[in-house]
Amino acid sequence: MIIDCHGHYTTAPEAHSLWRTAQVAAFESKSEPPTYPAISDDEIVDTIESNQLRILRERGADLTIFSPRASAMEPHVGDAAVSGAWSRACNELIFRVVTLFPDSFAGVCQLPQSPGVSVAHSIPELERCVNELGFVGCNLNPDPSGGRWIGPPLTDRSWYPIYEKMVELDVPAMIHVSSSCNPNFHATGAHYINADTTAFMQLIQGDLFADFPTLRFVIPHGGGAVPYHWGRYRGLADMLNRPALDEHLMHNVFFDTCVYHQPGIDLLCEVIESKNILFGSEMLGAVRGVDPDTGNYFDDTKRYLDASNLSAKEKSDIFEHNARRAYPRLDAALKTQGR
Ligand SMILES: [Zn+2]
């Protein structure tokens, strides 16, 4: 089967987004937020069937690991209570999608992070989503300040409470920033890619996986600039007296295939071992148009993998088996379904 590890509910019903606007306005005017609106199953079915599910089927994939819209997580907006209520609302919506389409989606949660607030504050929502809603992973924002980068690196011990819980629950995190407050950094064109690259360099500098040998991170968007600059990172690891990357990080880190052209995928697959690559498209997400050079959608990343020089074994690992390894709760759920 084909598992897309990277999809967001970018087409959520309008009432959900309108509530968010009202929630933020209420925070700013120091008033009570409105009650969350009633959203019917039909509305959810309509937004999914006409978008993500239609495209999933057209492109020949089977299941998407599905999380709330990343650019709208915005943990820097409001305070911890605002982030908490918004995260719960977003995660509930994902749960409804997964419940309506159990064969086609698996849930990943947004964490109620807030700049300057301990990440331990996010543990109850992670536990709720995994234990009660059946989610298989989480999105961890390495910069909840929204492009200001005012917090410590991911290897700092202040992050350890969430890692301890992830290890206990056996769920991975996709390292995923949200929107950027800084107009110098376009969210999906610069901030996302910068954050992916930044996270990987932080991991090189630290020793996180010595403390958490079973912790797993997915670094999206093809690993940012990392595969393209693999020699730089191997060389820096050497200069900084860190172990070789294969031992230091690559038992714990996966890159997805959200790279939107053939040469980029070819480079990723040449530089990074197939065991560290997960099929992902981020559909519908960052880049929605058609490549005039090929006539195909930029984000139809399955097409690039199909056309690559990978062996059949490598392709099936990237399309399915690596995701089952990175997300054991998904693997267990699929086996329960006889898949
Ligand atoms: Zn994403």
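Strand S1, residues 3–9, is mostly covered, with seven of its seven residues buried. Buried means that 20 or more other C-beta atoms, placed from the backbone, lie within 10 Å of the residue's own. Strands here are DSSP runs of E, at least two residues, and helices are runs of H or I, at least four, numbered from the N terminus.

This is a predicted model, where local features need pLDDT of at least 70, side-chain atom pairs count only at pLDDT 80 or more, and totals for chains, interfaces and linings use all residues. Residues are numbered from 1 along each chain as its sequence is written.

Now the sheet. Eight strands form an open sheet in the order S1-S2-S3-S4-S5-S6-S7-S8, and the pairing is parallel. To pair, two strands need at least two DSSP bridges between them. S1 and strand S8 (277–278) stand at the edges, each with a single partner strand, so one side of each has no neighbour in the sheet.

S1 pairs with S2, residues 63–68, over five bridges. Asp-4 has Thr-64 in S2 as its bridge partner. S2 is joined in turn to S3, residues 105–110, by three bridges, and there the partner of Thr-64 is Phe-105.

Helix H4 packs on this sheet and touches S1, S2 and S3. Contact means C-beta atoms, placed from the backbone, within 7 Å.

Last, the helices. H1 (residues 14–28) and H4 (residues 80–100) pack at about 170°, with axes 11 Å apart. Axes are lines fitted to C-alpha atoms, for helices over the stretch in contact, and angles run from 0 to 180 degrees between N-to-C directions. That makes H1 roughly antiparallel to H4, the word for angles over 145 degrees.

Conventions:
Parallel < 35°, antiparallel > 145°, perpendicular 65-115°, else oblique. Buried ≥ 20, exposed ≤ 12 C-beta atoms within 10 Å, placed from the backbone. Contact = placed C-beta atoms within 7 Å.
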